[in-house]
Amino acid sequence: MSLITLIFLLLVLAMFTYFIGKQKIYAQYQAQPKSPGRRILTLPKYFGYVAAMWSLFPALLVWMLIELIEAPLINHQITNYLASQQIEVGENLSLYLNEIKNIEASHLADIEPIKQAIYHRYTQLNTLANNSKNVIVMAIALLMSIYILKRIKVDTAARKIFEKIIELILLMAASIAIMTTIGIVLSVLFESVRFFGEVPVMQFMFGLEWSPQTAIRADQVGSSAAFGAVPLFLGTLLISFIALLVAVPLGLFSAIYLSEYASVKFRTVAKPILEILAGIPTVVYGFFAALTVAPFIRNLGESIGLSVASESALAAGLVMGIMIIPFVSSLADDVLSAVPKTMREGSLGLGATQSETITKVLLPAALPGIVGGVLLAASRAIGETMIVVMAAGLAANLTVNPLAAVTTVTVQIVTLLTGDQEFDSAKTLAAFALGLMLFLTTLVLNMIALYVVRKYREQYE
Amino acid sequence: MNNSTLIKQGLKRRYRKEQAFRVLGLTSVCIALLFLVILLLDISSKALPAFIQTQIELTVDLSSEQLGLNKDSSNDEIRQADFRAVIRAALLKRFPAVTNRQDKRSLYSLVSTGAEYQLLDLVLADKSLLNQTSTFMLVADDDVDALIKGAIDRRLPESDRRVKNQKLNWIEALESDGAVHSTFNWQFLTSGDSREPELAGIKGALMGSFYTLFMTLLMSFPVAVASAIYLEEFAPKNRLIDLIEININNLAAVPSIVYGLLGLAVFINLFGMPRSAPVVGAVVLSLMTLPTIIIASRSAIKAVPPSLREAALGVGASKMQTVFHHVLPAALPGMLTGTIIGMAQALGETAPLLMIGMVAFIVDIPQSIIDPATVLPIQVYLWADSPERGFLEKTSAAILVLLVFLIVMNALAIYLRKKFEKKW
Amino acid sequence: MNELMMASPMARAKSELTGNQVNVSLAATFEHTVGTPCCDNPKIQTKNVDVFYAENHAIQDVSLDMGANEVTALIGPSGCGKSTYLRCLNRMNDSIDICKVSGDFILDGEDIYAKSQDPVLLRARVGMVFQKPNPFPKSIYDNVAYGLRIHGLTQNKAELDDMVEDSLRKAGLFEEVKDRLNAAGTSLSGGQQQRLCIARTIAIQPEVILMDEPASALDPIATAKTEELIAELKENFTIVIVTHSMQQAARVSQRTAYFHMGRLIEVGETDQIFTNPQHELTEKYITGRFG
C-alpha cells in the first residue's frame, strides 16, 4: 500500500466520520421537543468537523512518529544482520548502507552476491515496516472514529473545540518562522562546531591565507589546507563597499528627485521602471557583470594604462550597486515621506528653497531612517551570492584594490559545496563556518537597522 | 527693506544650488534607468540569434545497402542502425574532393552530432523514408551556426578565425547552392540540456521551474495565510508572539544562500531527502518566501476595516467565523498579490538551489517532483559557465524567457491589485 | 494627474452639492461683502480672489485689505476657507498641484503672484506660523538660526548669536531656554515650541507674519502667553491671524473679517464686528448659533 493510498484511506475515513457525526447530532436535534424561544443550537457540521479531526489527527501524529523511528530501526536491524553474517563493510557503515538502498531492482543481477543478499534483507525489512506502519495508522484512525462517534453528543461544545483546534493549527503555522530560525542556527552551528574542532577559531577568524583545497592523496606535496578567512571578509567588504558607494547616492537622489521634484506623470512612469531593477534575478546581473561590464572595465582600464583583473571587484560591486538602487530608493522614499508635512512647510514658510528644505531639514530629520536603510542595503550586499559567484573570482587575494580580483564569503560557500565531495571533510565544513559568519553579520545588521527604523517611525507617530 | 536687499544678493547663488541639486537628482534617476535599458538591450541583442537555428540541406541515401533497413524493420532495429554513417556518406558525396582523413573529420563536423538522432526521429515517424534518397534539413554545428549568424567574422585573417578557410569554403559552397537555411529554433523550447550548444534547449529547466514553483506555492501559501491570520487576528500580546514577529522580520532579510545551507544540512543530510529534486528546492524556497507572503498578507488583513469585523461580531458570529467568512475574502486579493510577488522572487532565485544540488547537468526532462531537475536561473548559471561560444546566445535567450515569465507574473499581480483594489 | 482625474467626478458631485446648499442658505442673504474691506494704510491688498481645489471652489470673489502694523483676524466656521486664503498670501499653496489661485494680491504695491515675484523672497518677507508647532529636529539655537543662515543674513557667529538671542527675547522665550540653547527644539513644551516657531519666523524680520490658528494646539496658559506676544509683535510687524476662537480674535485683533462658505461676509473694526454685526450670518456666528 503506497503513501498516496494510505492518505486517501485516512481522508475517506475522516469524511465518513464527519457525515456520521453530523447525522447523529442532527437526529438528536430532531428528537428534541420543539419549543419556541429555545436557545440557539450549534450547527451539526461542527460536530462533524470535530469527529473528523479526532479520526485524522491522532493517526497522523502516530504516523509521523513511526516515520521518525523507522529509518534508524531498519538501519539497526541491517547492522545486526551484517554482524550475524560476519560481513565486513569497512569503516563507513552509513555510506555502505546508502549504496545498498540505492540499488535498483532492475540492475540487481549485475552486483555481487553479498550485496544482493543484504539488499533482499533490506527490502524485506522495509516491506515489513511499511505494512505494519499502514496497519497501525489505519487501526488508530478507525478506533478513534468509533470512539468519538460514540462519545459525541449534543452537549459537546463542538464549535468551541473546533475553533480551538483551528487556532492551534494557525499558531503552528505562525511558529514555522521560529522553527526556520532555529533550523538555520542549528544547521550552521552544528557543522561549524565540527569545523572548529579541526581548525582553531582564531586561525579561521584571523588567518591571512585561504586555500581550502586539501590534497587528494595524503602524501602529496604542499597538501596542507589553509583556512584563514580574512581575505574573504576583506573581499566581501570591498565589493559591498563599492556597491554601497554606487547605490546610496544614486538611490537617495533618485528618491529625492522622484518624491520632491518630478511631475506626477514622470513619477508614475519612472518609479515602477526603477522597481524593475529590484525584480531582475541576480543570476542575470551576474551574467551581465561577467560578460559585459567586466570586459568593458578591463578595456577601459587598459586604454588608460591600468592593469585590471578580468574578474575585478569593481565590476561585481558596480553591478551589485545598481541592483540595490531601488532598494535604497524605496526605503529612502518611505523614510522621507514619514517626515511630517508641517516640517516641510515650516521651512518653506521661512523662505527656504526646496533644496535647502531637503538638505537642511528633511534629510537631517530622516537621517536615522536613512541610516537604517543603508544598513539593510549593506546586509543585502554582503549576502548577495550570484553576482559575485559569476563576476568575482576565486582567488583569495588580500587586497583593497578595486581593480584586482577578490573573492567573497558567499562565493566560497558555493564553491566548497557544489560538486561531488564527501560531506565530512574540513573543506565542506568550512562552508558552514562561513555561513555562520554570514548569518551572524547580516542578523546583527538587520537587527540594528530594524531597531533604528522603528525608533525613527515612533518619533513621528 | 534692508533685509530684502540682503536676501536678494544671495538669491542668485542659492538658485544655482537649487538647480544643481535638481539636476543631480534627475541624473541619478536617468543613470539608473539608462543602466536598465543597457542591460535589457544587451541581453536581448545577444539572445535573439538563439531563436534562429541554422540547418544544412543534405541529400541522404537511406537505402538498405547503406542502413541495412527496410520498410518492415522494427523500431528497435531502426534504433540500432548507423545513421551517422549515412550522414557522413552524404557529406562526402556532396564534397567528393575530400579524401584526407583529417579533412574528412573536419567535413563531418559541419553538421551537429545531434543530426543523426534528428534523422532517426524522422525515420521513426515516417518509415516510408527508408529505401530511398531524400533531402533533409539537418542541424548545423555551432561553429557553422555562428558563422552564418555573423558571430564569427569571415573577413578576419584565417589565423584569428575559429572557422578555417577550408571549412569556410565548404560552407560558402553550400550557401551558393541555397543549402543553408535559417529557421525558427523550436528545439530551444522543446528539448533538454545538452553539451552541444546547437542542441541545448530549456524545456528541462522550464519543467523543473514549474514543478518547483508549483510545490512552493502549495506549501507557502496556506502556511503564510494561516500565520498572517493568526498574528493579525488571534495572537495575544506575549513574548512568544513578539519573538515570532521579530523572527519574521529578520528572516525576510536573511541572505538566500543561508536557506540553501539549511536545506543541505537539514533536509538532505538529516532527513535524507533526494538531492537535485524539485520538492526539496520547493521546501527551501517556501521557507525563503514565507516572510514576504506573511508580511504582504498581514497588511492586506490590516487594510480590512474594523467595521466589517464589528458587523459580523454584532450578529453573533464567533471570532473564527468572522475571520473566515468576512475578513479573509476581503483580504484575499491582497494576499494573492503578495503571493505572486513571492513566487516571482522564488522563480528568479538561484543560490539556495545550488546548495541542494539542483546544479547538476541533466539532459532528461523531469517528469515528477522527485526527478532530478534544474531550474531556469540555474540553467542560466550553467550555460554562462560553459566555455563554448554557442552557449552565450543560449544563456541570453534563457534569461529572456525567465524575464518574460517574471514580467507576466508581476503584471498579473498589478492587475489583481488594480482589479480588487477597494477603497474602504 | 491620474489621481486628479479619478477624483474629479466625485469632487464635482460634491461641489455641486455644497454649491446648492450655499445657494439655499445664502441666496437670500449674501449679495456682497458688508463693511469696509479697504483700509487707510494697507500692507497687503487683495481683490477678487478665487481659489479652486481641483473642481472645488474654495474661495469665491474675496476682496480684503490688511492694514500695516495691525492685527487682522480671519474668523469663521471650519471649512470656510480662511486658512486657504491665508496660505495664498505667501504662496504656500504653490506646492499643492491641484490648487489654482486667481485675483490680485498686492504687497506694498508689488504683485505677489507676478511671474517676476520670487516665492523664496516673498516668504522671507511674509513669514508664517502654523497651527501645530513644527520645530525642526535641531537644537533651539539652530531652529532660530536656520532662516538667518539660509538667507545669509549675518556676517559672523557673534552677529548670529545676537540675532538669535534677540529673536528669542522678542518671542518671550529667551529667559526660559537661555541655559539650554543646544537642547532639541522638540524637547520644549507645546507652548514653548510655538513661541520658538514665532522666534524662528521673526528672526529674519519679515514684514508680515501669517498665523494659522497658532494657539489651537496649546493649553490656556500657553495661549495667553502667545496672545500677549502677538499684541507686542504688532508694533513691528503686520499680522494676519486665522482663529476659530472669537474671544481670541476680539482680544488680539484690530480688524476682523468673517468668512463663510468661501465668501467674505463681513469685515470691519473688531469692536464693531463683535458688538454690532451688520450681517445676519455674522451675528448668528458670533452669538454661537452655528460654527
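These legends cover close-up views of a predicted model. Local features need pLDDT of at least 70, side-chain atom pairs count only at pLDDT 80 or more, and totals for chains, interfaces and linings use all residues. Residues are numbered from 1 along each chain as its sequence is written, chains are lettered from A in the order in which they are written, and side-chain values use heavy atoms, with hydrogens and water left out.

**View 1. Confidence along chain A.** Chain A has an average pLDDT of 85, where pLDDT is the predictor's confidence in each residue, from 0 to 100. At least 70 is reached by 90% of the residues. Confidence is lowest in helix α3 (residues 93–101) of chain A, with a mean of 68. Helix α7 (residues 230–261) of chain A is the highest, at 94.

**View 2. Domains and make-up of chain A.** Domain 1 takes in 3–31 + 41–156, and domain 2 takes in 226–456. These bounds come from an automatic or database domain assignment. The C-alpha centres of the two domains are 50 Å apart. Chain A has 15 helices and 2 strands. Helices (H or I, at least four residues) and strands (E, at least two) are DSSP runs, numbered from the N terminus. Of the 461 residues in chain A, 47% are buried. Buried means under 20% relative accessible area, exposed over 50%, and partly exposed in between (1.4 Å probe, protein chains only).

View 3. Helix α12 (residues 354–383) of chain A spans only 37 Å between its end C-alpha atoms. A straight helix of 30 residues would span 44 Å at 1.5 Å a residue; the expected span is 1.5 Å times one less than the number of residues. The helix bends by about 60° at Leu367(A). That bend is the angle between axes fitted to the seven residues ending there and the seven starting there. A proline, Pro368(A), follows within four residues.

**View 4. Ser276(B) in its loop.** Ser276(B) sits in the loop between α12 (256–270) and α13 (278–302) of chain B. Its phi is near 65°, a positive value in a residue other than glycine. Ser276(B) is buried, at a relative accessible area of 10%.

**View 5. Asn69(C) and its chain.** Asn69(C) lies in the loop between β3 (56–67) and β4 (71–75) of chain C. Phi is positive here, about 50°, although Asn69(C) is not a glycine. Asn69(C) counts as partly exposed, at 38% relative accessibility. Chain C has 11 helices and 11 strands, and 52% of its 291 residues are buried.
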